[in-house]
Amino acid sequence: MKKEMDSQRLGTAPLGRLMVSLAVPAVAAQLINVLYNIVDRIYIGHIHGYGDVALTGVGVTFPIIMLISAFSAFAGMGGAPLASIELGRQDHRKAELILGNSAGMIVLFSIVLTVGFAIFKRPVLYAFGASDATIVHAESYIGIYLVGTIFVQTAVGLNTFISGQGESQTAMLSVVIGAVLNIVLDPVLIFVLDLGVRGAAIATVISQAVSAAWVIHFLTRGRSVMKLKVQNMRLKADVVKRIAGLGISPFIMQSTESMVSITLNSGLQAYGGDLYVGTMSIMTSIMQLILIPVQGIAQGVQPVISYSFGAGNRERVKGAFMRLLVSGLLGTLILGGAAVLVPEVYAGIFTNNEKLIELTCQVMPVYFLGITIFGLQSACQSTFLALGQAKVSLFIALLRKVLLLIPLAVIFPKFMGVMGVYRAEPVADIISVVTTGIVFTFTMKKVLHNMDEDQRSGLKEQTRG
């Protein structure tokens with residue numbers, strides 16, 4: 001009974017207080033989660049004698065890591081909003097079926113990705129921007145990381161079902177446990193045991209395994225409103241279709257990070273060299289630091305919007321979105337503005353190589369200019385997902401990276417040299433944010449109108465009854 005009351009507060013608790021209680025743990029979880037990669041890079045960048053080269057090599061593996069995360073988002077972020085909507089409709093059986101099918105998809109994806117990348121990792125890494133100097137470090141890191149693919153997929157993908165039922169503090173703990181363990185293990189394995197890059201990868205795999213165990217325990221034996229059951233993991237075409245329809249958008253958002261990273265790294269290698277690729281390794285980590293709090297807020301608010309939408313509460317949907325929009329925009333203005341105005345605050349965290357720091361500080365203000373207003377797009381994109389608007393969400397996901405950033409990153413350097421690679425990012429960001437705002441305005445009016453129509457139809461049915 002208490003479990004059901006905990007989930008029902010998504011539709012009844014005071015909106016402002018509820019959103020803070022959900023968003024704060026979600027932001028903390030997102031920030032801590034990003035430490036898996038950032039802490040690795042900080043330690044790796046300070047390895048005596050070859051830290052700068054090792055950092056560049058590990059940066060080249062980022063597209064593979066993002067692709068693995070993208071498949072977990074496909075199953076998790078595609079399924080969790082649907083499960084939240086079903087909870088809002090008080091249909092727990094359908095919610096559990098969606099959870100089970102998402103878990104089944106995660107197992108399947110993990111097997112395919114582990115085997116595929118293990119076989120082709122060397123040519124893939126060269127294609128992603130590795131050089132003869134950095135390939136050995138890239139192979140050392142990703143070769144071990146791939147062993148833990150199933151743990152990464154489970155910890156990231158299924159954790160969305162914990163936060164999706166309003167248990168944001170529990171979702172945060174699943175991340176905290178692994179991240180703290182990773183921070184403790186990194187210096188021991190990298191420096192004390194002198195395992196270098198391999199030590200960083202081993203620490204990450206162990207940490208993600210512990211996080212995955214926590215998530216599975218909660219969903220099977222904890223106080224979860226919906227339970228993960230083996231019989232529900234058998235894939236059903238109609239359920240998978242619904243998950244895929246919504247999950248394709250976050251999948252594209254994350255998988256295209258791989259395509260973007262490949263394009264940018266290749267362009268920087270061709271027009272600049274290893275030092276320029278090194279700046280992108282640093283700025284990718286900084287980008288995560290800027291966007292993670294905003295995405296954490298969105299992740300915390302998303303269940304409120306989904307549940308309220310499922311319950312037909314129009315005003316609650318509008319109120320939650322407006323608060324999400326304001327907080328997201330403030331987040332990117334402050335954090336992105338710092339990268340533009342005082343880049344040296346960020347750059348020195350990741351390396352002690354003076355040339356790399358100097359170059360990063362030169363290009364960072366250009367690269368991060370457009371991200372200052374990206375909170376608007378983040379809020380709209382998350383709301384599209386929360387409302388189950390799969391087609392519109394897919395278009396927005398494709399727009400920024402596939403339709404804009406990647407082509408611009410190929411075209412601009414032909415006329416501007418290596419700086420064209422960096423300038424492609426703000427141009428794509430600004431165009432994408434403006435377009436998203438316009439599309440969202442028209443889509444939201446239609447969704448709210450349909451909710452009004454459904455409400456009126458429901459009242460008529462009650463009157464007849």
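Y43 counts as partly exposed, at 23% relative accessibility. The cut-offs for relative accessible area are under 20% for buried, over 50% for exposed and in between for partly exposed, with a 1.4 Å probe and protein chains only. The model is predicted; local features need pLDDT of at least 70, side-chain atom pairs count only at pLDDT 80 or more, and totals for chains, interfaces and linings use all residues. Residues are numbered from 1 along each chain as its sequence is written, and side-chain values use heavy atoms, leaving out hydrogens and water.

The structure holds 9 aromatic pairs. Rings of Phe, Tyr and Trp (its six-membered ring) pair if their centres lie within 6.5 Å; planes under 30 degrees apart count as stacked, over 60 as edge-to-face and the rest as tilted. The ring centres of Y43 and F191 are 6.0 Å apart and the planes stand at 70 degrees, so this pair is edge-to-face. Y43 lies in helix α2 (residues 15-45) and F191 in helix α8, so the pair ties together parts that are 148 residues apart in sequence. Helices here are DSSP runs (H or I, at least four residues), numbered from the N terminus. F191 is partly exposed, at 36% relative accessibility. Elsewhere, ring pairs link F71, F74, F109 and F251 into a cluster.

The largest nonpolar core has 59 residues. Such a core is a set of buried Ala, Val, Leu, Ile, Met, Phe, Trp, Tyr and Cys residues joined through side-chain atoms within 4.5 Å. I44, I64, L125, Y141, L158, F161 and L219 touch the most other members. At least two residues of this core come from each of α3 (51-60), α4 (62-88), α5 (92-127), α6 (135-145), α7 (149-163), α8 (168-192), α9 (196-221) and α10 (237-271). The largest share, 12 residues, is supplied by α5. Another core, of 41 residues, lies apart from this one; L268, M280, A347 and F368 are among its members.

T61 sits in the loop between α3 and α4. T61 is buried, with a relative accessible area of 0%. Contact means heavy atoms within 4.5 Å. Not counting residues up to four places away in sequence, T61 touches L125, A138, Y141 and I142.

A nonpolar patch of about 880 Å² is made by V107, L108, I111, V112, V115, I119, F120, I150, F151 and L235. Patches are made of residues with over 30% relative accessible area and no salt bridge; like charges are joined within 9 Å, and nonpolar side chains (Val, Leu, Ile, Met, Phe, Trp, Tyr) within 5 Å. Accessible areas come from the Shrake-Rupley method with a 1.4 Å probe, and for residues only the protein chains shown count as cover. α5 and α7 each supply at least two residues of the patch. The largest share, 7 residues, comes from α5. I119 is placed in helix α5 and is exposed, with a relative accessible area of 57%.

A search of the whole structure finds 5 salt bridges. A salt bridge is a side-chain nitrogen of Lys or Arg within 4 Å of a carboxyl oxygen of Asp or Glu. R242 pairs in this way with E86, the closest N and O atoms being 3.4 Å apart. R242 lies in helix α10 and E86 in helix α4, so the pair ties together parts that are 156 residues apart in sequence. R242 is partly exposed, at 37% relative accessibility, whereas E86 is buried, at 3%.

K229 forms a salt bridge with E96, the closest N and O atoms being 3.0 Å apart. K229 lies in the loop between α9 and α10 and E96 in helix α5, so this pair ties together parts that are 133 residues apart in sequence. K229 is partly exposed, at 32% relative accessibility. E96 is buried, at 12%.

R400 forms a salt bridge with D429, with the closest N and O atoms 2.7 Å apart. R400 lies in helix α16 (residues 390-416) and D429 in helix α17 (residues 419-464), so the pair ties together parts that are 29 residues apart in sequence. Both R400 and D429 are buried. A network of salt bridges links R400, E425 and D429.

Y276 is in helix α11 (residues 274-310). Y276 is partly exposed, at 23% relative accessibility. Leaving aside neighbours within four places in sequence, Y276 is in contact with L268, L359, V418 and Y422.
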